[in-house]
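Reader: Before we discuss how the helices pack, could you put the model up so that we can go through it together?

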Amino acid sequence: MQEQQIEIRPFGPQHLDAAVCLSREAGWPHRLEDWNVALDLSEGVVAIAADDEVVGTTLLTPYGTDCATINMVIVAESMRGRGLGRRLMEAAFALADDRPLRLIATADGLPLYERLGFRQVGTIVQHQGHVIATQKPGNTEAATKADIPAIAALDREAFGADRSTLITRFADLGEFAVIRRSGKVVAFACLRSFGRGEVVGPVVAPDIEDAKSLLSHFMCRKAGAFLRIDTSTETGLGSWLASHSLPHVSGGIAMANPITRHTNSKTVTTFALANQALG
């Protein structure tokens with residue numbers, strides 16, 4: 001099959017079942033529900049072969065005019081090596097307008113992203129497994145609906161872009177925990193269903209000890225449950241997660257185009273849904 005026989009079309013709900021099949025073929029854990037959430041928060045395109053088969057996907061998730069993330073870039077195994085990945089990325093660029101772009105690259109996708117101008121800005125490590133019991137922290141509490149604006153503001157400071165729509169959606173899907181000091185929310189974490197079990201993230205905290213407390217808030221209730229936590233190598237959480245039966249199983253390379261680094265030396269941030277909170 002020649003490349004010109006493949007058409008790029010807008011990604012619609014009618015393509016979700018086929019997208020699930022593609023992600024399973026790639027070894028990704030996404031359920032139909034996970035794809036639904038990603039599509040609701042994003043725009044995207046699919047690659048359609050001559051027989052109306054979906055052979056590629058990509059999503060672009062905008063965060064206002066601050067930036068956008070490229071997620072769920074998948075090409076069917078039978079279609080690889082034909083330039084389809086580049087076509088999908090070019091379609092994502094068109095959707096992005098002038099927004100700065102971010103993505104999490106796999107080893108397979110890294111060469112293409114580098115050719116398209118992306119450069120590494122960090123390393124993401126994925127920890128997952130059946131968590132062991134941990135002690136309940138004394139400095140965390142369940143968030144309320146009234147806390148969502150403060151959570152979104154903290155997230156924006158840490159991430160460098162306004163993800164309030166994503167935060168609000170995650171509040172509907174799961175639950176947040178917070179740490180307060182002097183009546184003010186200073187740290188938060190989110191737990192929600194995803195893939196093989198549940199995922200904790202994003203997590204934003206002023207230091208590693210508060211990050212551990214927020215993770216423990218959920219882990220103490222989930223002994224034996226399957227949890228996934230994605231973090232950056234800079235947080236220093238890896239050995240602690242491994243000691244709680246959440247070993248490092250895989251990861252990715254955080255990339256940006258143009259290169260932008262939104263860092264706060266007082267903030268520990270872990271991102272879940274690898275393709276930037278969505279996958």
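Predicted model: local features only at pLDDT ≥ 70, side-chain atom pairs only at ≥ 80, totals over all residues.

Reader: Which residues of helix 2 make the contact with helix 1, and how many charged residues does the contact have?

Author: On the side of helix 1 the contact is made by Leu16, Asp17, Ala19, Val20 and Ser23, and on the side of helix 2 by Leu32, Trp35, Asn36 and Leu39. Sorted by class, the contact of helix 1 with helix 2 has six nonpolar and two polar residues, and the number of charged residues is one.

Reader: In helix 6, within what arc do the buried residues fall, seen down the axis?

Author: Helix 6 spans residues 164-173, and its buried residues there are Leu166, Ile167 and Phe170. Seen down the helix axis, these buried residues line one face of helix 6, because they fall within an arc of 100°.

Reader: Which exposed residues does the face of helix 6 turned away from its buried side carry, and which strands are included in what covers the buried residues?

Author: The face of helix 6 turned away from its buried side carries Thr165 and Asp172, both exposed. The cover over the buried residues of helix 6 includes helix 2 and helix 5 (148-159), and, among strands, strand 3 (54-63), strand 8 (175-181), strand 9 (184-194) and strand 10 (197-205).

Reader: How is helix 5 set against helix 6, oblique or roughly parallel?

Author: The axes of helix 5 and helix 6 come within 9 Å and cross at roughly 135°. That angle makes the setting of helix 5 to helix 6 oblique.

Reader: Which residues of helix 6 make the contact with helix 5?

Author: The crossing of helix 5 and helix 6 is right-handed. From helix 5 the contact takes Ile148, Ile151, Ala152 and Asp155, and from helix 6 it takes Ser164, Ile167, Thr168 and Ala171.

Reader: Turning to a loop, what is the relative accessible area of Ser78?

Author: Ser78 is placed in the loop between strand 4 (67-75) and helix 3 (84-96). Its C-alpha atom is separated by 8.4 Å from that of Val55, 23 residues apart along the chain. Ser78 counts as partly exposed, because its relative accessible area is 48%.

Note on methods: Residues numbered from 1 in each chain as written. Heavy atoms only, no water. Contact = heavy atoms within 4.5 Å. Helix = DSSP H or I, 4+ residues; strand = E, 2+ residues; numbered from the N terminus. Nonpolar A, V, L, I, M, F, W, Y, C, P; charged D, E, K, R; others polar. Buried < 20%, exposed > 50% of the residue type's maximum accessible area, 1.4 Å probe, protein only. Arc of directions from axis to C-beta. Axes fitted to C-alpha atoms, helices over the stretch in contact; angles between N-to-C directions. Parallel < 35°, antiparallel > 145°, perpendicular 65-115°, else oblique. Left-handed = near helix turned anticlockwise from the far one by under 90°.
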